[in-house]
Amino acid sequence: MTTPGLRERKKQQVRERISGIATMLFFERGFDEVSVAEIAEAAGVSKMTVFNYFPRKEELFFDRMPQLIEMITSAVRDRQPGVTAPDALRDLWVGLFDARHPLAGMHDDMGVFWRVVLGSTALRARVREVLEEIEALMARLFAEAGEPHPEMTAALVLAAVRVRYAESARRIMGGEPADSFRAGQRARIVAAWNEAVAAASRA
């Protein structure tokens, strides 16, 4: 009998194969030009299987969002005593940045990623939805942690990160190597985060 652990690993492998093939096709041809049926055929699965793993086509492209949600939640709920919820999230973001994690957006190949996003109305709309979802999650977690201004803090912090993230994307799409401004961008992100938290505390 297959153990639950093995079953989950197999499901994760299928999910990653579908997502990887979809991403390759999106990068080659653009999001709107690739159908779910084509992705399913290339991955060797049925169209229904694709939708079982990814209920929306946009989720095939933003496949790391569940991972990000889990990271954000764990960072706040599992933080060390004496660490505030906003500081825990800041440290998470800096850790991702320093580890050159794809979610930090500081890779030279992110230019291709964002060009696909900009070329698709559906993906641009999904970006806005994701930001709203993340802001709502942060506000709930901050409230749960007893932060005095949870909604304001979440809104200002996310806005600060979004501005810096967009700046990185523009510079990378403009041809600047990510490593050429990595250190300065790290410092700007930390400063913007801390300023946002301070501003929220004065609200």
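**Exercise 1.** Determine where Arg100 is found, and whether Arg100 is buried, partly exposed or exposed.

*Solution.* Arg100 is found in the loop between α6 (85-98) and α7 (110-118), where helices are DSSP runs of H or I with at least four residues, numbered from the N terminus. This is a predicted model, in which local features need pLDDT of at least 70, side-chain atom pairs count only at pLDDT 80 or more, and totals for chains, interfaces and linings use all residues. Residues are numbered from 1 along each chain as its sequence is written, and side-chain values use heavy atoms, with hydrogens and water left out. Although Arg100 is not a glycine, its phi is positive, at about 60 degrees. With a relative accessible area of 40%, Arg100 is partly exposed (buried means under 20%, exposed over 50%, partly exposed in between, with a 1.4 Å probe and protein chains only).

**Exercise 2.** Describe how α5 and α8 pack.

*Solution.* Helix α5 (residues 65-77) and α8 pack with their axes 10 Å apart and at an angle of about 15 degrees; axes are lines fitted to C-alpha atoms over the stretch in contact, and angles run from 0 to 180 degrees between N-to-C directions. α5 is therefore roughly parallel to α8, a term for angles under 35 degrees.

**Exercise 3.** State which helix holds Arg126, and whether Arg126 is buried or exposed.

*Solution.* Arg126 is found in helix α8 (residues 121-144), and its relative accessible area of 9% makes Arg126 buried.

Notes:
Helix = DSSP H or I, 4+ residues; strand = E, 2+ residues; numbered from the N terminus. Parallel < 35°, antiparallel > 145°, perpendicular 65-115°, else oblique.
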